[in-house]
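Biologist: I have a chain on my screen and would like to talk it through with you. Could we take it one question at a time?

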Amino acid sequence: VQLQASGGGLVQNGDSLRLSCVASGQTLSVSVMGWFRQAPGKEREFVAAIGWNGINTLYADSVKGRFAISKDALKNTGWLQMNHINPGDAAVYYCAAKRSAEWSSGAVDVPSVYTYWGQGTLVTVSS
């Protein structure tokens, strides 16, 4: 499975942005798609995840109520809608996917459980 993330850019404090992640290859093997981010000098952190059925979603507390994750299985595409962006959201954003459908804390919100990763897309926030 190959993942291609896009949509990053320079935004102002309070703006919105939508990131996209297109999956190709053996996409039927994917059960969960996640978004992570990594700011300079910091560890990669969980942002959001969605089950491939679209029913289960999980958000980091820092983005809950501001970000929304979604996906279209027919298009093999996932999105991360980012609203009310603040300087703390500035980072390289990565989409990731895993085969296991296990859905629990520690099963979808840590980088190590994901097998496939996109190349990252940079979000810069000006205040």
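This is a predicted model: local features need pLDDT of at least 70, side-chain atom pairs count only at pLDDT 80 or more; totals for chains, interfaces and linings use all residues.

Biologist: Let's start with one side chain: is aspartate 89 buried or exposed?

Modeller: Residues are numbered from 1 along each chain as its sequence is written, and side-chain values use heavy atoms, with hydrogens and water left out. Buried means under 20% relative accessible area, exposed over 50%, and partly exposed in between (1.4 Å probe, protein chains only). Aspartate 89 has 1% relative accessibility, so the label is buried.

Biologist: Which residues are linked with Asp89 in a network of salt bridges?

Modeller: A salt bridge here is a side-chain nitrogen of Lys or Arg within 4 Å of a carboxyl oxygen of Asp or Glu. Aspartate 89 meets arginine 37 at 2.9 Å, N to O. Aspartate 89 also pairs with arginine 66, where the closest N and O atoms are 2.7 Å apart. Together with Asp89, the network holds Arg37, Glu45 and Arg66.

Biologist: How many residues apart are aspartate 89 and arginine 37?

Modeller: Strands are DSSP runs of E, at least two residues long, and helices are runs of H or I, at least four, numbered from the N terminus. Aspartate 89 and arginine 37 form a salt bridge. This pair links distant parts of the chain, with aspartate 89 in the loop between β8 (77-82) and β9 (91-98) and arginine 37 in strand β4 (residues 32-38), and the separation is 52 residues.

Biologist: And what is the relative accessibility of arginine 66?

Modeller: Arginine 66 is a salt-bridge partner of aspartate 89. Arginine 66 lies in the loop between β6 (57-59) and β7 (67-72), so its pairing with aspartate 89 ties together parts 23 residues apart in sequence. Arginine 66 counts as buried because its relative accessibility is 14%.

Biologist: How many salt bridges does a search of the whole structure find?

Modeller: One of them joins aspartate 61 and lysine 64, with the closest N and O atoms 3.2 Å apart. Aspartate 61 counts as exposed, at 66% relative accessibility. Over the whole structure, the search gives four.

Biologist: Which residues is methionine 82 in contact with, leaving aside its neighbours within four places in sequence?

Modeller: Methionine 82 is found in strand β8 and is buried, with a relative accessible area of 0%. Contact means heavy atoms within 4.5 Å. By that rule the list is Asp15, Ser16, Leu17, Leu19, Arg66, Phe67, Tyr93 and Val123.

Biologist: How far apart in space are glutamine 4 and threonine 77, C-alpha to C-alpha?

Modeller: Glutamine 4 sits in strand β1 (residues 2-6) and is partly exposed, with a relative accessible area of 46%. Beyond residues up to four places away in sequence, glutamine 4 touches Ser20, Cys21, Val22 and Gln119. Although glutamine 4 and threonine 77 are 73 residues apart in sequence, their distance in space is 9.4 Å.

Biologist: Stepping back, what is the radius of gyration of the chain?

Modeller: The chain has eleven strands and zero helices. The radius of gyration is taken over C-alpha atoms, and the globule rule is 2.2 Å times the number of residues to the power 0.38. For 127 residues, a compact globule would come out near 14 Å, which agrees with the chain's value of 13 Å.
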